[in-house]
Amino acid sequence: MEPYRIKVVEPIPFTTRQQREEALRRVNYNLFDLRAEEVTIDLLTDSGTGALSAAQLAAGMAGDESYSGSRSYYRFHETVTELTGYAHVLPAHQGRAAERVLFTTLLERGNLVLSNTHFDTTRANVELNEAEARDLPCPEAKNLDSTEPFKGNIDLEALARTLSGPEGSRVAVVVMTITNNGGGGQPVSMDNLKRTAALCRQHGVPLFLDAARFAENAWLVTRHEEGYRDRTPRQVAEEAFRLADGCMMSAKKDGIVHIGGFIGTNDPELAQKCELLLIATEGFATYGGLAGRDLDMMAQGLTEVTEPSYLAERAEIASHLAHRVRAAGVDIVEPPGMHALYLNAGRLLPHIPPHQYPGHALACQLYLEGGIRSAELGSLYLGEEDEHGNPIKSAPYELVRLALPRRVYTRSHYDHVGETLAKIAKNADQAYGFRITDQSPILRHFRATLVPVPITG
């Protein structure tokens, strides 16, 4: 059972099928533009959507809103330093702000950034600095049905070849995303992280963690990796941070807060350069664009998130939903992670070609049938087409992410998700694809407008 009891509740909106059809037409079939009151179960993201604890709210009430040197900053700094071991810690208002400050400082035109998998804003912030973001997922990640426990690992052979090859001089940083969100929410093993760190040291390249879900990664390590089964998640997390040269973090995930993030590093020169840009664009170095209450709540959340009881329930709720999804006849990326389940839309809707976005089609069906909002991670997210809509590049897999907000929904809510998917699966051949009518040059999935493509034949 959940290791907490509910103290405050919020009403859930219920809408009719007709209302949902009208809402989708109004927003040009882009789920990001739906109003919250039009969504019954919101699984679009786990970022900043969690429920605060009583202790976090109490910490927020004691927040010190001084512009410089507030008590809240020093509590935050002490908490992060104890967790990560990094000498220099800079708060930012969220993860993508930390990415922008770090990459703008670290990268030059033509640089190469290697990762197990870049997520969308990480890739965008690399490319906005005219550098190349290259993914090196491990070979096991290609088999979506495999239950290998560490499919979030980086491909060590590909990493070694790149670092020692003719492109080695272009590599400015290696980013290890834990857990691997773009790779199906799969964890990274400590052995893989250690080997990556050794390769980076050998070639003089800094290693940074994208640590948004560091605690969930640590929990899965304690469950599945030999030599770590008797360790606590906190101990694993501390070791992981100390293997890297620094990190960037969106605390809206494993900080369990609604806003916040930070950069951590042991490099004093890099920290100084980042601090100057932070002050110019985010806020003074002791608040980084955040209120004091947010710094206090972030510090408390970073303490709570490694509690075994919290993480065990987080894993159990994901397992419960995975069971319901499989029972509905829908395949997922195996094994299920903790922050999200990834539905194999391409397999469920084989009649929809990649350039008509089967993942987006399934996401729209989830909303129409059950008022459930989710996120496509397929060819709408990663693909490219010419001006006539013909495919130039398709995603390797057509997925839909069901992100699980922290401490928000109960098992009965997730049962509704399973029941909705069962209805969709029974009539999967009736789902239709989409085409884009307008898009932005980067991060197009956030702002694209689409129209349905009628089923023919």
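**Note on the predicted model: a loop leucine, the sheet, cysteines and voids**

1. Leu-136 sits in the loop that runs between E4 and H6. The model is a predicted one, and the remarks below should be read with that in mind. Is Leu-136 buried or exposed? With a relative accessibility of 9%, Leu-136 counts as buried, because the limit for that class is under 20%.

2. Which residues does Leu-136 touch, leaving out those up to four places away in sequence? The contacts are Leu-114, Ser-115, Asn-116, Asn-153, Ile-154, Asp-155, Ala-158, Leu-159 and Thr-162. Pro-13 lies 123 residues from Leu-136 along the chain, and the C-alpha atoms of these two residues are 42 Å apart.

3. Seven strands form an open sheet with mixed pairing, in the order E2-E8-E7-E6-E5-E3-E4. The edges are strand E2 (88-92) and strand E4 (132-135); each has a single partner strand, so one side of each has no neighbour in the sheet. On average, and with direction ignored, neighbouring strands of this sheet are turned by 20° against each other.

4. Within the sheet, strand E5 (residues 171-177) pairs with strand E6 (residues 207-210) in the parallel sense, over four bridges. Opposite Thr-177 stands Asp-210 in E6. Helix H6 (residues 156-164) packs on the sheet and touches strand E3 (112-115), E4 and E5. The direction of H6 makes about 165° with that of E3.

5. How do the side chains of E6 point? Leu-207 and Leu-209 point one way from E6, while Phe-208 and Asp-210 point the other way. In a regular strand, side chains alternate between the two faces of the sheet. Leu-207, Phe-208, Leu-209 and Asp-210 are all buried.

6. How many disulfides does a search of the whole structure find? The search finds zero. Cys-200 is in no disulfide: the nearest cysteine sulfur belongs to Cys-247 and is 15 Å away, whereas the cut-off for a disulfide is 2.5 Å. Cys-247 is likewise in no disulfide, with the sulfur of Cys-274 as its nearest cysteine sulfur, 12 Å away. Cys-200 is buried, its relative accessible area being 1%. Cys-247, at 0% relative accessibility, also counts as buried.

7. There are three cavities of 30 Å³ or more. The largest cavity holds about 100 Å³ of space. Residues lining the largest cavity include Asn-30, Leu-31, Phe-32, Leu-44 and His-445. His-360, Ala-363, Ser-374, Ala-375, Glu-376 and Leu-380 are also among the residues that line the largest cavity. Which elements give two or more residues to the lining of the largest cavity? They are helix H14 (358-370) and strand E11 (375-377).

8. The largest pocket has a volume of about 1,300 Å³. Its lining consists of 37 residues, and those nearest the centre of the pocket are Val-8, Gly-50, Ala-51, Arg-407 and Val-408. Helix H2 (residues 54-61) gives the largest share of the lining of the largest pocket, namely three residues.

Definitions and conventions: Residues are numbered from 1 along each chain as its sequence is written. This is a predicted model: local features need pLDDT of at least 70, side-chain atom pairs count only at pLDDT 80 or more; totals for chains, interfaces and linings use all residues. Side-chain values use heavy atoms; hydrogens and water are left out. Two strands pair if DSSP finds at least two bridges between them. Axes are lines fitted to C-alpha atoms, for helices over the stretch in contact, and angles run from 0 to 180 degrees between N-to-C directions. Contact means heavy atoms within 4.5 Å. Buried means under 20% relative accessible area, exposed over 50%, partly exposed in between (1.4 Å probe, protein chains only). On a 1 Å grid over the protein atoms alone, a cavity is a set of points where a 1.4 Å probe fits but cannot get out, and a pocket is an open set with protein on both sides within 12 Å along at least five of seven lines; lining residues have an atom within 4 Å of a point. Grid points are joined across faces, edges and corners, and a volume is the space filled by probe spheres set on the points.
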